[in-house]
Amino acid sequence: MGPQRGITIENLWREFYQLYEILRKPFHTEEEILKFEDDAKNWVRTFCQPTIGRMNTATMIPGLYRKEDVTPYMHMLTMHVPHFLRQLKEKGLSFRLFSTSSIEKKNHNQVKFIYFLN
């Protein structure tokens, strides 16, 4: 597998950070939203890039992650966030005004509660 796979994974997560930085902008043009939409879909395609070639051979190119590793957040990023960006743009708003930390905390508490009972 070698160091190339590690470099590819590092680049993948750098690209994710670039997508995140776009979401943090105070406003977006339609062109930026279209580019974000394309880049986000390409990011998920790269994320679940399959292994190419026969397993355990010198010509095998290992994939990155499995399709099963794609999360609901990734689905939202590609299929819904561009629509939300357009809606917020029409109202002069942006994602940087919103946070999901309270929802994540509720989820964390529920998971702790459920596992504590079992």
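**Entry 1: order of elements**

I read the protein chain along its sequence and recorded the pattern α-α-α-α-α. The secondary structure amounts to five helices and zero strands; these are DSSP runs numbered from the N terminus, with helices (H or I) of at least four residues and strands (E) of at least two. I note that the model is predicted, that local features need pLDDT of at least 70 and side-chain atom pairs count only at pLDDT 80 or more, while totals for chains, interfaces and linings use all residues. Residues are numbered from 1 along each chain as its sequence is written, and side-chain values use heavy atoms, with hydrogens and water left out.

**Entry 2: overall dimensions**

I looked up the radius of gyration and found 18 Å for the protein chain, whereas a compact globule of 118 residues would have a value near 13 Å. The radius is taken over C-alpha atoms, and the globule rule is 2.2 Å times the number of residues to the power 0.38. Along the principal axes, the C-alpha atoms fill a box of roughly 55 × 50 × 20 Å.

**Entry 3: surface, burial and charge**

Of the 118 residues, 21% are buried, where buried means under 20% relative accessible area, exposed over 50% and partly exposed in between (1.4 Å probe, protein chains only). The mean positions of the 17 positive and 13 negative charges lie 6 Å apart. Lys and Arg count as positive and Asp and Glu as negative, without His and the chain ends; each charge is placed at NZ of Lys, CZ of Arg, CG of Asp or CD of Glu.

**Entry 4: contacts and nonpolar core**

I checked the contacts (heavy atoms within 4.5 Å). Among those between residues at least 6 apart in sequence, 61% join residues at least 24 apart.

The largest nonpolar core has 16 residues, and those with the most contacts inside it include Phe36, Trp43 and Leu85. Helix 1 (2–23), helix 2, helix 3 (72–79) and helix 4 (81–90) each supply at least two residues of this core, and helix 2 gives the largest share, six residues. Such a core is a set of buried Ala, Val, Leu, Ile, Met, Phe, Trp, Tyr and Cys residues joined through side-chain atoms within 4.5 Å. Not counting residues up to four places away in sequence, I found Leu85 touching Leu23, His28, Ile33, Phe36 and Phe95.

**Entry 5: Glu37**

I located Glu37 in helix 2 (residues 30–47). Is Glu37 buried or exposed? Glu37 counts as buried because its relative accessible area is 19%. Beyond residues up to four places away in sequence, Glu37 touches Pro82 and Arg86.

I found Val70 in the loop between helix 2 and helix 3, partly exposed at 29% relative accessibility. Leaving aside neighbours within four places in sequence, Val70 is in contact with Val44, Phe47 and Cys48. Val70 and Cys48 are 22 residues apart in sequence and 7.4 Å apart in space, C-alpha to C-alpha.

Gln49 also lies in the loop between helix 2 and helix 3 and is partly exposed, with a relative accessible area of 27%. Which residues does Gln49 touch, not counting residues up to four places away in sequence? I recorded Gly63, Leu64 and Tyr65 for Gln49. Gln49 and Pro26 are 23 residues apart in sequence and 32 Å apart in space, C-alpha to C-alpha.
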